[in-house]
Amino acid sequence: MNRLYPIFLKAHELNFLLVGGGFVGTEKLSFLLKSSPEAQVTAVSKEFNAEFLELAEVATNVTLIQDVYHEKYLGGKHIVIAATNFPEINRQIHDEAKERYILVNVADTPELCDFYLGGIVTKGNLKIAISTNGKSPTTAKRLRQLLEEVLPEEIDDLLQNLNAYRDTLKGDFEYKVKAMNDITELLVEKKG
């Protein structure tokens with residue numbers, strides 16, 4: 001059973017530390033910036049691959065530090081992603097982050113993760129997160145691709161219109177919930 005609690009973070013208001021500049025680090029940075037282009041990221045690695053550098057160059061909010069990991073880089077961070085090729089360093093990052101009550105994700109090591117980076121579908125203001133509880137990132141990726149294909153781009157227009165309608169409603173919370181439920185019921189009504 002998936003016991004994870006899904007939340008949507010205001011990543012642009014948090015400080016991320018990403019340790020690792022290789023393939024996995026690049027994947028993590030790409031994922032983070034795709035979902036939250038203004039995320040504040042400090043990346044630490046002895047070396048950064050070309051694709052990582054390209055991503056960082058486009059994002060003005062990514063700071064690169066070419067160095068080995070040291071616990072001093074945890075200072076002022078809210079979230080840490082360990083993506084090195086060295087399990088012992090990833091474990092060290094995990095342990096030192098946990099000592100400071102910093103949320104940590106260790107790539108490809110679910111037992112050392114406080115959170116997972118699941119599949120995310122974004123259509124304007126609509127964002128859907130997909131979790132497989134760390135069991136199959138590939139399945140999350142395929143579901144993301146499916147949802148990106150089947151959800152129309154116009155879904156954001158619907159959200160904008162429903163928001164405008166909600167703003168016109170007078171009455172208490174219960175009345176507003178009922179009115180919004182009545183108008184959106186058509187979205188899930190089964191045909192014939």
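How many aromatic pairs does the count come to? The count is 1 aromatic pair, where rings of Phe, Tyr and Trp (its six-membered ring) pair if their centres lie within 6.5 Å. This is a predicted model: local features need pLDDT of at least 70, side-chain atom pairs count only at pLDDT 80 or more, and totals for chains, interfaces and linings use all residues. Residues are numbered from 1 along each chain as its sequence is written, and side-chain values use heavy atoms, leaving out hydrogens and water.

**The aromatic pair**
- The ring centres of Phe-48 and Phe-52 are 5.0 Å apart and their planes meet at 35°, so the pair is tilted (under 30 degrees is stacked, over 60 edge-to-face, the rest tilted).
- Phe-48 is buried at 13% relative accessible area, and Phe-52 is buried at 0% (buried is under 20%, exposed over 50%, partly exposed in between, with a 1.4 Å probe and protein chains only).

**The nonpolar cores**
- A nonpolar core is a set of buried Ala, Val, Leu, Ile, Met, Phe, Trp, Tyr and Cys residues joined through side-chain atoms within 4.5 Å.
- The largest core has 21 residues, and Phe-52 and Val-62 are among those that touch the most other members.
- Helix H1 gives this core its largest share, 4 residues (helices, H or I, have at least four residues and strands, E, at least two; both are DSSP runs numbered from the N terminus).
- A second, separate core of 14 residues includes Leu-74 and Val-104.

**Helix H5**
- The buried residues of H5 are Ile-155, Asp-156 and Leu-162.
- On the other side of H5, Asn-161, Asp-167 and Thr-168 are exposed.
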